[in-house]
Amino acid sequence: MSKTSFLSVACVLAMGCSEAVPPELADARQAYADAEQGPAAQVNPAGLHEAAKALTKAEATYEDEGATFKAQDRAYIAARKAKIAETQARTMQAEQQTAKVRAQTRAMEQAALQQLGSTKRDLQGQIKSQQNQLQSQQQILEQERERRQQAEKLAEQARADLARIAQVGETERGTVITLPGNLFFASGKSELLPSAQAKMSQVAQVLVTTSPDATMQVEGHTDSQGAEKYNQQLSEQRAQTVREYLVSRGVAADRITSKGLGESQPIADNKSPEGRANNRRVEIIVQPAAGSAGGGSGAQQGQGAGQGNAGKASPGAMGNPGMGVNTEGNAKGKTGSGDTTTPTSGGSSPRR
Amino acid sequence: MKTHLFCGLTCAALVSACSSYPRPEENLANSMAVARGASEAGAAEVPQAQLQLKLAHDQIEAAKMLMEDGKYEEADYMTLRAYYDAELALALAREEAAKRGLQHTERVSEARKSQLSQANSNQE
């Protein structure tokens, strides 16, 4: 028998020597111990079990035969199996970890994708609502445009209508509507001629519908024939008559004044009949309301409180499309959304 | 007479050497197959695996020589050793591959992570 086996037997009997373990067996035991402590126990129990079996077999062979080369081989193989089990365990761990990392990456990407999806939805929502806003704004603009067009048309109409009844002019004081005395009053009288009622009514209509907030002054004039005082009185009475009529037709009483100027302000030469006829008149001076603008060129400048603006009031109160917008807009119950016309209230209803 | 005796002696010697132990052709073939497998798995590039593989090859050669000498049992055990050496070489080669795979996956994951966080911060 081999020397080592004899020694090991002797040592076993002597119960004391530690170097008796054959090197291959020692290796195998160590290899198994290492494998057992490593991940194989959890991850590769099958492989570890194989290694255990091999070690047991090797131990048994040593016990039975001593350190035969068969025993040595078995120990050698047992050591290898232990190492294989260990190595396989580490491989499995690495593979498991790889799978885990892959899964994590996938989860990350999923989350990012979802995030992207929700961001996309949010943005789409925003776009949609902005589009809607834009649409409604465009609608409003379109309506405004239409309204303005309508207003201008009406103003044009009003102007045309008025021009048929009376003379209309623009001055720095405002629009001046001249009512020829002969058409509206009997000679020396201050009551409206019946035939003039209809015209007066039309004038009132136009004034009320196109400039409901306007401030007006009614001024009576005469020619130079007759006494100054008499003329003064007559002109005053006629102015009053016109004022009262207009108020009765819906012009705001606190926005219209009347006065007589007698023969003090002729507009024509009193020497000729035509001239005198021209001087016999009642003038209605109209200033558009404060803040009212509209299409007129000067309309948007210097709008203040009515009377105070008399000097700088924009001409074209009558021809001012803005006036039309006021009424039209109010008639439809819409208030100015960015509209520069007066935010009038009460529409075209008459005011007392 | 002498020849017979000689033959008899030889035969006896032969018989005692051969015994009834079969020629370990299959085990040898198996261990060679595993060694080939380990080599193909890249054992040559992994130092520890390379060592084991060399051991396996050495033992395979030793086993072949033992077989030629008729020492079948010894050869058989040698092939077994070679087999497990080769198995270990293979396991080590696979471990290396798995480790590299993990490193690669981790690198890719890191890159992806930073890519995604970049994209996220871009959104804000």
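R281(A) lies in strand β5 of chain A, which spans residues 281-287. The model is predicted. This briefing covers that residue, then chain B, then the interface of chain B and chain A.

**R281 of chain A**

- R281(A) counts as buried because its relative accessibility is 2%, and the cut-off for buried is under 20%.
- The side chain of R281(A) reaches a backbone oxygen, that of N279(A), at 2.8 Å.
- Leaving aside residues up to four places away in sequence, R281(A) touches T178(A), L179(A) and G181(A), as well as E219(A), G220(A) and H221(A).
- Q265(A), P266(A) and I267(A) are also touched by R281(A).

**Chain B on its own**

- Chain B has four helices and zero strands.
- The pattern of chain B, read along the sequence, is α-α-α-α.
- Of the 124 residues in chain B, 33% are buried.
- Taking the contacts in chain B between residues at least 6 apart in sequence, 75% join residues at least 24 apart.
- Chain B has an accessible surface of about 7,800 Å², and carbon and sulfur atoms account for 57% of it.

**Area and contacts between the chains**

- The size of an interface is often given as the accessible area lost when the parts come together.
- For chain B and chain A, the area buried between them is about 2,400 Å², and 67% of that area is on carbon and sulfur atoms.
- Three residues, Y77(B), R81(B) and Y84(B), supply 26% of the area that chain B buries against chain A, more than any other three residues.
- In terms of residues, 28 from chain B are in contact with 28 from chain A.

**Charged and polar pairs across the interface**

- Four salt bridges are found across the interface of chain B and chain A.
- D85(B) and R80(A) meet through their side chains in a salt bridge, with a distance of 2.4 Å from N to O.
- Eight residue pairs are in polar contact between chain B and chain A, counting pairs with both residues at pLDDT 80 or more.

**The side of chain B that touches chain A**

- Helices α3 (47-68) and α4 (72-123) of chain B each supply at least two residues of the side that touches chain A.
- The largest share of this side comes from α4(B), with 25 residues.
- By type, the residues on this side of chain B divide into 11 charged, 10 nonpolar and seven polar.

Methods
Residues numbered from 1 in each chain as written. Chains lettered and ligands numbered in written order. Predicted model: local features only at pLDDT ≥ 70, side-chain atom pairs only at ≥ 80, totals over all residues. Heavy atoms only, no water. Contact = heavy atoms within 4.5 Å. Buried area = accessible area lost by both parts, 1.4 Å probe. Polar contact = N/O pair within 3.5 Å; in protein donor to acceptor, adjacent residues only side chain to side chain. Nonpolar A, V, L, I, M, F, W, Y, C, P; charged D, E, K, R; others polar. Buried < 20%, exposed > 50% of the residue type's maximum accessible area, 1.4 Å probe, protein only. Areas by Shrake-Rupley, 256 points an atom, 1.4 Å probe, with all protein chains shown as cover.
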